Amino acid sequence: MQNREEASRYLEEIAGKGIVLGLDAMKELLYRLGNPQNHLQFVQVAGTNGKGSVTAYVANILSQAGYRTGRYTSPAVFTPEETIQVSAAGQFVPVSSAQYIEGVEALQQVLTQMAEEKRAMPTQFELETALAFWVFARTGCQIAVIETGMGGDMDATNVVETTVCSLLASISLDHQKFLGDTLEKIAFHKAGIIKPGRPAVLMGQSKAVEETVQKFCEKQGSPLIVTSRANVTVVESTIEEQIFTVPKWGQIHIFLPGVFQIDNALVALEAASQLQAAGYHKIDSEAVRKGMAETVWQGRLQVLERQPVVLLDGAHNPDAAEKLVQTLEKDFTNTKFLYIMGVLADKDYAGVIGCLVRNASGFITLTPKNNRALPAEQLAEAIHLLTEQPVTVTASISEGVHLAKQAHKTGQPVVFCGSLSFLGEIEQRWHTDGT
């Protein structure tokens, strides 16, 4: 393979299509690859919302403590390289093109054998996950923090057996077609990442979720720690930064905005305690505070402009949309926002709209570049059913950004949201396209 683009294209073309529940193909793929995951230790992170932020916090803490750490997140939002990263000198860098190509070529040998034997081809997510494990093992990672895709028990990441600690962020209704139509059913699938006898950390949330996870842990013989804000003192909380204190680690400073980020941070801080107890003794207060303060997570209440504010947020389900609106209501009192939305057709976009109308001045709809995208016209129709606020339908993402810039020039605060799938292009066009 000549370059990274060719290698990526190969994975996309060879992959099995759609969402396939079950781990058989993944296990066979890894077996033929030499089971690289067995040479690593892991922190697994699952949840409906917040799991990416929790993954970033924990990986940063481990890196600042001096451990060579792998970080695997999905989906890619801004660049294809962001999903697989390895720490170097306290900073995370994407896997090099040479390592990426070498890993894909190793996969190619295995996949050629599987094709010749007429075996079912792994999905693209399974291939990317296997590649991440291969890279982490090859680059000498001591531990990897991995974000679960959909669900937990049947997710491709859940082939790992050397998990040190399992983390569960906010759990709400999403992917009901595959995970079930109640919080209890979804929480059960998410809890599937918890390994026998290994500790699990759950963000404090609804009774239905907590009881489901507690029962799962009891069957596994796994201690469960549920986080709480009871002993947290918030010193400052703005769209720019948040400062709070917790008993063990003292004052914590984070630069990820949102009313929910302190809850995400508490899961990461408890994970640090569990890792420390499990033998990662280099984790100390300095590593924790520095790791938390230096965490950056794009596409989650990301500030593009400040006067007036322009934000990117991947809110793609009602729970995430509600938290977005709560943050905006707290930090921008009595302010109305122009929402530029694009959504995927299999999401509860009516629920998302129902949250956003509370502080919307109007909407601009667009169609994400995704085969699951809902056409902008249909999204506009759904908005009209819930509000009389003005809605403009655009023919392209470029047109949506152009209209948003025109509104911004008049002093209108702007929020792009509805899906992670188009935020990378939005950011690029906002900074490069003329008006």
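Strands β9 and β10 (residues 242-246) run antiparallel and are joined by 4 bridges; strands here are DSSP E runs of at least two residues, helices are H or I runs of at least four, and both are numbered from the N terminus. Two strands count as paired once DSSP finds at least two bridges between them. Across this pairing, Val 234 stands opposite Phe 244 in β10.

A quick note on the ground rules: this is a predicted model, where local features need pLDDT of at least 70 and side-chain atom pairs count only at pLDDT 80 or more, while totals for chains, interfaces and linings use all residues. Residues are numbered from 1 along each chain as its sequence is written, and side-chain values use heavy atoms, with hydrogens and water left out.

Back to the sheet. The order is β9-β10-β11, an open sheet of 3 strands with antiparallel pairing. β9 (233-237) and β11 (250-254) are the edge strands, each pairing on one side only. From one strand to the next the twist averages 20°. Helix α9 (residues 261-277) packs on this sheet and touches β9, β10 and β11, its direction making about 45° with that of β10. Contact means heavy atoms within 4.5 Å; axes are lines fitted to C-alpha atoms, for helices over the stretch in contact, and angles run from 0 to 180 degrees between N-to-C directions.

How many of the 17 residues of α9 are buried? The count is 13, so the helix is largely enclosed by the rest of the structure. Buried means under 20% relative accessible area, exposed over 50%, and partly exposed in between (1.4 Å probe, protein chains only). Just after α9, Gly 279 takes a positive phi of about 120°.

Now the rings. The model has 7 aromatic pairs, counting rings of Phe, Tyr and Trp (its six-membered ring) with centres within 6.5 Å; planes under 30 degrees apart are stacked, over 60 edge-to-face, and the rest tilted. Two of the edge-to-face pairs are tabulated here.

| Pair | Centres apart | Plane angle |
|---|---|---|
| Phe 42 and Phe 133 | 5.4 Å | 70° |
| Phe 332 and Phe 337 | 5.7 Å | 85° |

Phe 42 lies in strand β1 (residues 41-46) and Phe 133 in helix α5 (residues 124-138), so this pair links parts of the chain 91 residues apart. Both Phe 42 and Phe 133 are buried. Phe 337 is buried too, with a relative accessible area of 0%.
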